[in-house]
Amino acid sequence: GTLTSKEREAAAAAPPKPLATRPLFKICGLSTYEHAVTAIREGVDFIGMVFYAKSPRNVSDLSKALKMAELVRRCQLRPHPVWGKLPQSVGVFMKESAERINEVAREVPLDMVQLYGYSEGEIAVETLRRADGSPMPVVWAVSITGKKDLDAAKWPAGIKGLCIDSKVGKAVGGTGVSFDWSILTGFQPNVPLFLAGGVDEANARQAASLPNVSVVDVSSGAETAQKKDSMKIRNLTRLVKQAIPPYFGPFGGQFVPEILIPSLADLEKQYLRVSQSEEFWAAVRGYWKNYACRPSLLYRADKLTEDIRRGCPEGMGATLWLKREDLLHTGAHKINNALGQAVLAKWLGKSRMIAETGAGQ
């Protein structure tokens, strides 16, 4: 475990950090466009792509990396005081030369790079450039086995962030093994601190609760059978941020009277808990079937079919079927939402609901 039993209990019981101090979230080792889309939709802040030939997550086809980086650029709609606009693409390199890093960056418009396996002074970070020629922000990775390594850690001046990862044998990243996070207590590197190594669904909330962690960095924890898993990406994002994504691309947001904010925050927290329950979803599905008659029925309209065929050559003409959406009053999506909210209210022991009509109904 990464924390003692008492520390683990305290982290689970403690309220989430205030919104302004909650850590950002990075998924590393994304290698497909589809998983990049999933990560961005869920509100992941840093889209990590590995450029290391020996890694199973290596993006060897730079055209794929280009497509993902361009997607990230199109979705940079969330301003941040430290990082500019989020999300951002991160190229992860292991012991590559500055020339090779710049070569990749000229083809792939990376927003920053994360460097593994270097000793201080081994690479001149100030020589790294983005595709537009501007200085490339650098996250310097230090891989450790314990406090002795942390105390001896060195990094160059001018970096944008520092990543502390776990070291297992000769492997300096992507091991899926965590170190003792308690040794980070009091560690202040004067740049944003990334925490990597062994973060998964079981401990992501603990990682996010650490006071000096600015970015939670996950790779293998978001995978099933060494492949990125969209549901794990979703769950991890919500565990780290303790929030449901407020935006869908450029759309969305929460604009409500301040007096309602505490209630809405509690509702969101409870939904995140309840939505993991199969019993809850069984109840919702039961109402879909027995109340809303879903899936909706098909009805063969014999008289309308006969009328249509009168105007057609013999043997021709369509058979007309009606999908009985009239059973789903106001539309399927609305009754789905209304039933879901009603079951959630019942699940939480609420006796009253405030309902809002939609589309003028």
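Aromatic pairs and their surroundings

Guide: Phe46 counts as buried, because its relative accessibility is 0% and buried means under 20% relative accessible area, with exposed over 50% and partly exposed in between (1.4 Å probe, protein chains only). This is a predicted model, where local features need pLDDT of at least 70, side-chain atom pairs count only at pLDDT 80 or more, and totals for chains, interfaces and linings use all residues. Residues are numbered from 1 along each chain as its sequence is written, and side-chain values use heavy atoms, leaving out hydrogens and water.

Visitor: Why is Trp83 called buried?

Guide: Trp83 has a relative accessible area of 7%, so it is buried.

Visitor: Why is the pair of Phe46 and Phe194 called tilted?

Guide: Rings of Phe, Tyr and Trp (its six-membered ring) pair if their centres lie within 6.5 Å; planes under 30 degrees apart count as stacked, over 60 as edge-to-face and the rest as tilted. The centres of Phe46 and Phe194 are 5.9 Å apart and their planes are at 45 degrees, so the pair is tilted.

Visitor: What makes this pair tie together parts that are 148 residues apart in sequence?

Guide: Phe46 lies in strand β2 and Phe194 in strand β9 (residues 193–195), so the pair ties together those parts. Strands (E, at least two residues) are DSSP runs, numbered from the N terminus.

Visitor: What do Phe46, Trp83 and Phe194 form?

Guide: Phe46, Trp83 and Phe194 form one aromatic cluster.

Visitor: How do you know that Lys160 sits over the ring of Trp83?

Guide: Lys160 lies over the face of Trp83, at 5.5 Å from the ring centre; the definition asks for NZ of Lys or CZ of Arg within 6 Å of the ring centre and within 35 degrees of the ring normal.

How values were computed:
Helices (H or I, at least four residues) and strands (E, at least two) are DSSP runs, numbered from the N terminus.
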